[in-house]
Amino acid sequence: MVKLDFANAFNSLHHRDMLLALRDSLPVLYPYGYSAYAYPSLLFYGPYKLWLNKGPQQGDPIGPLLFCNTVQPLLESLQSELPLGYLDDFTLGGEQSVVAKDVERVAEMGQALGLTLNISKCELITEPGTVVCDPVLQSFKRVPASEAVLLGAPLTEGPALDLAWSERCSDQTRALERLKLIASQDALILLKASFSAPREQHLLRCSPSVGHAALGSFDELLRTALSYLTNCDLSDSEWIQASLPVRDGGLGVGRVSMLALPAFLASAASMLSLQDEIFFECHYQPDDPLVDSYMTSWSSSYGVPPTGPISHKQAAWDRPGIVAIKDELQSVLTDPHQKATFLAATARSAPHSGDWLNALPIASCGLRLDDEAVRVAVALRLGLGVCVPHSCSCGENVDAWVSACLSL
């Protein structure tokens, strides 16, 4: 298998080829394309004027479509058993001689379109010990199959996946240090909406991360950050509640260790029909023991898996785990006040109790909370009896703290 990369692809495609491809395959868009690309664009650079007749304009909403439509005939002309394209990333798999001829064809036809292969970024993925005879393939970077990465996602367990999660943890550490420099409400919203599970969805859905040791490290970074930003010391049960969605009584700071299994299975289910179509063209029916083992693990914990169109939605795979966690949390709450606090945080009992977590901190609309208000709100939502600010060495009763805030 080879991964091909074009140098500066989007800025190198000839306008003429883009328009001809648009006229032949998407004539309904041809008037738009003609008005935008029939004549060179004038660019200004200091005292200089540059006439541009290559590449889609930056910001053009159909720019990716123009590129893909132009290179699609080239991709369809290839003879490799597995020809895949995602924008300017081509992946070819099959017999070595056939792949080598296709690479030569891509280089030749791509040159006519204005595209040039970036040999330094092209990869040759093989099993160890494979003898490569073609000189062009020999010039590619050699990557073992166990370390293959496709569109940013490691394909198997091993060094590539370890490195990916190590980089995620490093990025998270750097991001969390910078979150400390802004207001608690801003930082909490960013942590919930970006710097927690949402940022890692691509890796969780595309790579076999279930049970990976780095998931626990990543979650611990989130817990530390949440404790610091809210000035609350979270116990294990309080951290688990905080990781629940807002509608279920949490803060929405999802744990990647909890989401790894449903995310991967939801991705596998939604791509099953496309995968079957690809492998049908290859005359090969795969046996995927990894997905089977994940499915067995999910079924043993939650019963019958989702089927039909609903199985394509990750929420359908997430929900049983969330319900199980909520039931477990309620079972360990013995104090009636704690039970009432937990129920009051859920959307079912109090539909708008978590709205403050989703509101943007716009001061002119009265939606900005100061740091102390955020700490109190988090403490009340998680049922904390004591909220310990970093600037204070002693614990204070939340009720007394709220009364003091109100009296001010």
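Me: By relative accessible area, what do buried, exposed and partly exposed mean here?
Reply: In this predicted model, a residue is buried under 20% relative accessible area and exposed over 50%. What lies in between is called partly exposed.

Me: Is Lys-180 buried, exposed or partly exposed?
Reply: Lys-180 forms a salt bridge with Glu-177, and their closest N and O atoms are 3.3 Å apart. The relative accessible area of Lys-180 is 35%. This value falls between the cut-offs of 20% and 50%, so Lys-180 is partly exposed.

Me: How many residues apart in sequence are the parts tied together by Asp-248 and Lys-326?
Reply: Asp-248 and Lys-326 form a salt bridge, with 3.2 Å between the closest N and O atoms. Asp-248 lies in the loop between α10 (236–242) and α11 (256–270), whereas Lys-326 belongs to helix α14 (residues 314–332). The pair therefore ties together parts whose separation in sequence is 78 residues.

Me: Are Asp-248 and Lys-326 buried or exposed?
Reply: Asp-248 has 3% relative accessibility, and Lys-326 has 18%. The cut-off is under 20%, so Asp-248 counts as buried, and Lys-326 also counts as buried.

Me: Which residue is linked with Asp-248 and Lys-326 in a network of salt bridges?
Reply: The structure holds 10 salt bridges. Asp-248 and Lys-326 belong to a network of such bridges.

Key:
Residues are numbered from 1 along each chain as its sequence is written. This is a predicted model: local features need pLDDT of at least 70, side-chain atom pairs count only at pLDDT 80 or more; totals for chains, interfaces and linings use all residues. Side-chain values use heavy atoms; hydrogens and water are left out. A salt bridge is a side-chain nitrogen of Lys or Arg within 4 Å of a carboxyl oxygen of Asp or Glu. Buried means under 20% relative accessible area, exposed over 50%, partly exposed in between (1.4 Å probe, protein chains only). Helices (H or I, at least four residues) and strands (E, at least two) are DSSP runs, numbered from the N terminus.
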